[in-house]
Amino acid sequence: MDRAVAAARSAFEDGRWSRIAPAARKRVLHRLADLIEKHALELAVLGVRDNGTELNMALKAEPGSAAGTFRYYAEAIDKIYGEIAPTAPGTLGLVHKEPVGVVGAIVPWNFPLMIGAWKLAPALAAGNSVVLKPAETASLSLLKLAELAAEAGVPEGVLNVVTGSGAVAGEALAMSMDVDVLVFTGSGPVGRRLLEYSARSNLKRVYLELGGKSPNIVFADAPDLEEAAMVSAGGIFRNSGQVCVAGSRLLVEESIHDTFVERVAHHARQLKVGDPLDLTTNVGAVNSLRQLEGNLGFIDSARSEGNTIALGGNRILEETGGYYMEPTIVTDVGPQDRIARNEVFGPVLSVQTFETDAEALALANGTDYGLAAGVWTSNLSRAHNMVAGIRSGVVHVNTYGGADATVPLGGMKQSGNGHDKSLHAMDKYLDLKTAWIKL
Ligand code: NAD
């Protein structure tokens, strides 16, 4: 890790990437996007063999989205200007935007290529050097990406991918005295440590994208309850629920509770769980035994807290040797129950009911998280009032998921302090420098 940081530093300082024309970096990043598209199947399969995501989702969410992200920031970088400040006559204040230097990136296993690209593309477009550490269980697609970046013309030392455990390689990167900015996607406890590492080392800026317990609120006046049920099932069960923005808390208006939960269960039963490499599979494998055991632990605690397991709740297909879990719906959940307050990161939907808008809002905001939310209603005022009232980085209305590269993704409260995607993400990778000139 120390050698990678040193390589990144010397590449940054000699300007082989940081001081070439933005339009030249743009051409390289477009070539990288072309290569990602050319190798899409290989990249997706490498990722799936690591993390168990169903291939039909991985193809779209991993190489598909990564190529789009590289193109988005390739196009952005020669359209970002500095500023001339409105100073008094006789002075000139120029605000330059410069790359920050060496960026450290630590990413999780659920969508390594997509999330890796959310960090790498804006960081590289801005002219930084990067050292990226993938998760222990999902590094193959990112190693391949590094190979493709070299082929596209990213100079040596500018992009470094170093595998290893969080405790050794991750900590070494986060404690480095020569990393200027650390960007992270992963769990809250690790995010807290990174802030400590920064304080104990060089005060590097730390941007965190953490977990969620996202409410998906269904009002009786939703435009199409059938569609709401189908999308809500996909919004929690795809990739076995291992999605940071998963709509893991269904908040449903009391009057439609029974019929709506039955509709969601109906769609959940249609999802085919199994071999992630089979293109007809809708839900692949849970990432690891540890993750599976954690999911099942939540089911045990739900039972002991008096919740009802309305669907699923079990490990399945054990004879294959894989870690598969049934789509699971837990009802009769109270706001203080473990399943209502903690991120499972598995295919487990907890259901609560409400009668008024105020009650829905209080439940929605009733956890420490604030990453994503959904609202289903035909009432325009209600939709806007919920968007205004919910404390989360994204609120979907009459849909769930699917937000593209043009809009930011980031958390409020304990879901994080930074944003990936959109032009706003560039701010993390660009420093401001003032030139104050007497004329
Ligand atoms: P994790 O926090 O366990 O690991 C994430 C990364 O941190 C891995 O690369 C790991 O090796 C590294 N790490 C672990 N300990 C470390 C240490 N002491 N020092 C430095 N690095 C260390 O998370 P995970 O299990 O890989 O991912 C799941 C979590 O990620 C969930 O909480 C999920 O919600 C979150 N997530 C958030 C987003 C988002 O955009 N907000 C997206 C995807 C996943």
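**Entry 1: strands 4 and 5.** I started at V131, which stands opposite N160 in strand 5. Strand 4 (residues 129-133) pairs with strand 5 in the parallel sense over 3 bridges. For my own record, strands (E, at least two residues) and helices (H or I, at least four) are DSSP runs, numbered from the N terminus, and two strands pair if DSSP finds at least two bridges between them.

A note on what I am looking at: this is a predicted model, where local features need pLDDT of at least 70 and side-chain atom pairs count only at pLDDT 80 or more, while totals for chains, interfaces and linings use all residues. Residues are numbered from 1 along each chain as its sequence is written, and side-chain values use heavy atoms, with hydrogens and water left out.

Entry 2: In which order do the 5 strands of the open sheet run? I read 5-4-3-6-7, with parallel pairing. Strand 5 (159-161) and strand 7 (205-209) are the edges, each pairing on one side only. On average, neighbouring strands here are turned by 15° against each other, direction ignored. Axes are lines fitted to C-alpha atoms, for helices over the stretch in contact, and angles run from 0 to 180 degrees between N-to-C directions.

Next I looked at the helices on this sheet. Helix 7 (residues 166-175) lies across strand 3 (102-106), strand 4 and strand 6 (181-185), at about 160° to strand 4. Helix 8 (residues 188-200) lies across strand 3, strand 6 and strand 7, and runs at about 175° to strand 7.

**Entry 3: E209.** I stayed with strand 7, where E209 lies. The UniProt annotation "active site", from an unreviewed entry, covers E209; UniProt positions are given in the numbering used here, feature names are shortened, and annotations may be inferred rather than shown by experiment. Is E209 buried or exposed? Its relative accessibility is 6%, so E209 counts as buried. Buried means under 20% relative accessible area, exposed over 50%, and partly exposed in between (1.4 Å probe, protein chains only). Leaving aside neighbours within four places in sequence, E209 has contacts (heavy atoms within 4.5 Å) that include K119, F184, H419, D420 and K428.

**Entry 4: the cores.** I then turned to the largest nonpolar core, which has 87 residues; F70, F260 and I329 touch the most other members. Such a core is a set of buried Ala, Val, Leu, Ile, Met, Phe, Trp, Tyr and Cys residues joined through side-chain atoms within 4.5 Å. Helix 5 (residues 112-125) gives the most to this core, with 10 residues. Why does the core lie between domain 1 and domain 2? Because domain 1 (2-210 + 416-438) and domain 2 (215-397) both give residues to it; the bounds come from an automatic or database domain assignment. A second, separate core of 19 residues includes A8, I106, A169 and V206.

I also checked F260: not counting residues up to four places away in sequence, F260 touches V218, L225, A228, A229, S232, L250 and V252.

**Entry 5: T331.** T331 lies in strand 13 (residues 328-331) and is buried, with a relative accessible area of 7%. Beyond four places in sequence, T331 touches H257, V261, N307, T308, A310 and V351. The C-alpha atoms of T331 and G164 are separated by 40 Å.

Entry 6: Last, I looked up an open sheet of 3 strands in the order 1-2-19, with antiparallel pairing. Strand 1 (83-84) and strand 19 (430-438) are its edges. Strand 1 is joined to strand 2 (residues 91-99) by 2 bridges, and I84 stands opposite L94 in strand 2.
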